[in-house]
Amino acid sequence: MASTSAGATPPPTANQRTCPRCGREVLETSIRCRFCMADLRDDRYSPRFGQRPERRRRFPQIRHRWSRRRGFAVIFLAVVLFYGGRWAWVHHISTAQPLPLPTSDAVSMAEVPAATWPSSNGGRNQARATGASPVLDGEVAWQTTLADVVMRTPVADEERVYIVYLDSFGAYSLDDGSEVWRVARPGLLSAPTVVGDRLYMALRTGQVTALDSATGEYVWTARLGEELFTSPIVFGGVLYVYAPGRLHGIDAENGDVLWSIDVEGNWGEASPVVGDTHVAVAARKAVVVFDRETGQRTFRHPHTSVTGLVFGDDYIYSLSPAFAAGIDPQSTLPWWEGTRLYWNWLWAFGAAPEPPRPEVEWVSRVRPSDLRSGTAYTLVFRPAFDGERIIASDTTGLVRAFDGTTGVLAWEVNLDAVHGAPTVTPDGLLVPRQESLALLDLETGETIAERPLERLSTRVKRWAVVLERGTFVVDEPGSLLALR
């Protein structure tokens with residue numbers, strides 16, 4: 001047998017072949033090298049394609065190395081570039097287009113005259129505040145028995161007060177309480193809004209209707225196709241209507257639907273609040289703020305079971321039985337806000353740190369309503385705002401005032417029973433009680449004055465509308481009286 005030089009690979013023996021990658025001997029029938037796992041089938045010559053064995057041997061190695069070493073890196077890089085480019089486009093490159101404008105901006109609730117109460121909670125900021133002083137020591141000028149049980153908060157202009165019944169709607173003169181007109185309108189589940197000579201109603205059937213406030217005749221009707229439970233707000237000629245999951249802008253002059261904005265969730269039972277630059281709505285699990293000119297979402301604060309919103313001079317106030325919060329309308333969402341849901345999932349399973357909460361000015365440490373045990377039914381009323389304090393109340397009689405700048409509890413009183421939402425007046429806080437109207441000091445909560453009224457049964461509502469022409473008290477069973 002001929003000898004081989006040192007270090008040289010001996011020729012393969014019978015029934016063996018040499019691996020083209022590692023040079024070791026393997027069985028001729030082997031498909032894969034047992035030493036380097038190379039595919040030995042690639043070493044064959046393919047006369048069909050005219051491939052050379054040396055070049056054919058390199059392709060599987062490149063394909064194998066690409067799929068295993070670089071695949072995930074390329075996918076990860078693509079995802080980063082996609083979201084990074086999207087963020088850069090939204091925040092730095094693209095310019096938001098303004099929303100369509102109404103034909104006229106003359107119709108507005110910019111300032112609420114002391115002689116009117118245009119919506120269920122006052123003006124466009126829903127602060128339940130009026131510039132008129134209540135009349136508690138005056139005589140009963142007149143009293144009217146209404147046609148049916150009152151279902152929603154009354155509203156009023158300089159000449160009439162408007163009452164919502166179960167299947168109709170009526171206007172009554174402020175001079176003597178006589179009925180001016182009444183129209184049958186089933187499906188009205190919210191208080192209307194009166195501005196100028198128009199009365200705007202949002203119906204459960206999905207219609208928004210404008211009526212002539214003097215005659216009750218229809219002016220126009222817009223169809224949205226969604227159930228509506230909140231009062232519309234008018235500002236700058238736009239009628240803001242909040243439906244479950246949608247915020248609509250309607251031309252207050254002719255009823256044309258100008259735009260619609262998606263809102264998270266399918267809940268909408270609190271009217272929107274409108275400022276000069278922003279509009280805020282209470283969704284199912286958050287307070288969502290939008291830019292009023294472009295409709296872009298600018299901020300989101302998690303807050304469930306919101307009973308009311310107030311747009312103050314510096315903050316947007318949200319109130320629920322659990323807590324009150326002050327939100328800066330100029331606050332913006334972080335660049336990674338779109339991943340908050342997935343971050344929360346990872347945090348819940350211990351795979352990530354706790355995500356930071358959205359920046360708010362303050363959150364109260366004291367609950368606006370204790371929901372004390374032993375009470376079978378507790379209703380939290382819409383909040384009121386006097387410019388310094390946000391005031392919460394419920395049917396148990398608990399009234400609490402929070403500092404509007406810090407959220408610290410300023411004072412609290414217990415009035416045994418409250419039957420309606422309070423109203424801020426120049427003389428104090430007017431609170432409808434079971435058998436009286438109470439006037440509280442806004443600084444301390446002490447009772448300043450009280451006007452006895454007919455005693456109501458439990459769970460029956462009472463509303464007090466304070467105008468320059470007097471204080472008008474509406475009881476749910478169907479009574480309207482004027483104090484002057």
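Where does Gln-126 lie? Gln-126 sits in the loop between α3 (71-93) and β3 (140-145). The model shown in these views is predicted.

**View 1. Gln-126 is a buried loop residue.**
The loop that holds Gln-126 runs between α3 and β3. Gln-126 has a relative accessibility of 3%, so this residue counts as buried. Its side chain makes a polar contact with the side chain of Ser-119, at 3.1 Å. The side chain of Gln-126 also reaches a backbone atom: the oxygen of Gly-123, at 2.7 Å.

**View 2. Gln-126 has contacts beyond its neighbours in sequence.**
Set aside the residues within four places of Gln-126 in sequence. What is Gln-126 in contact with then? Ser-119, Ser-120 and Asn-121 are among the contacts. Ile-233 is another, and so are Ser-271, Pro-272 and Val-273. Leu-309, Val-310 and Pro-383 complete the list.

**View 3. Four strands form an open sheet.**
The strand order is β20-β21-β22-β23, and the pairing is antiparallel. Which strands are at the edges? They are β20 (308-311) and β23 (362-363), and each of them pairs on one side only.

**View 4. β21 and β22 pair in the antiparallel sense.**
Strand β21 covers residues 316-319, and strand β22 covers residues 324-327. How many bridges join this pair? The pairing extends over 4 bridges. Look for Leu-319: this residue stands opposite Ala-324 in β22.

**View 5. Cys-33 and Cys-36 are shown with Cys-19.**
A disulfide is a covalent bond between the sulfur atoms of two cysteines. How many disulfides does the count give? The count comes to 0. The cut-off is 2.5 Å. Cys-36 is in no disulfide either. The nearest cysteine sulfur to Cys-36 is also that of Cys-19, at 3.7 Å. Are these residues buried or exposed? Cys-33 is buried, with a relative accessible area of 0%. Cys-36 is partly exposed, with a relative accessible area of 23%.

For the chain, the mean pLDDT is 86. A pLDDT of 70 or more is reached by 88% of the residues.

Methods:
Residues numbered from 1 in each chain as written. Predicted model: local features only at pLDDT ≥ 70, side-chain atom pairs only at ≥ 80, totals over all residues. Heavy atoms only, no water. Pairing = 2+ DSSP bridges. Helix = DSSP H or I, 4+ residues; strand = E, 2+ residues; numbered from the N terminus. Buried < 20%, exposed > 50% of the residue type's maximum accessible area, 1.4 Å probe, protein only. Polar contact = N/O pair within 3.5 Å; in protein donor to acceptor, adjacent residues only side chain to side chain. Contact = heavy atoms within 4.5 Å. pLDDT = per-residue confidence, 0-100.
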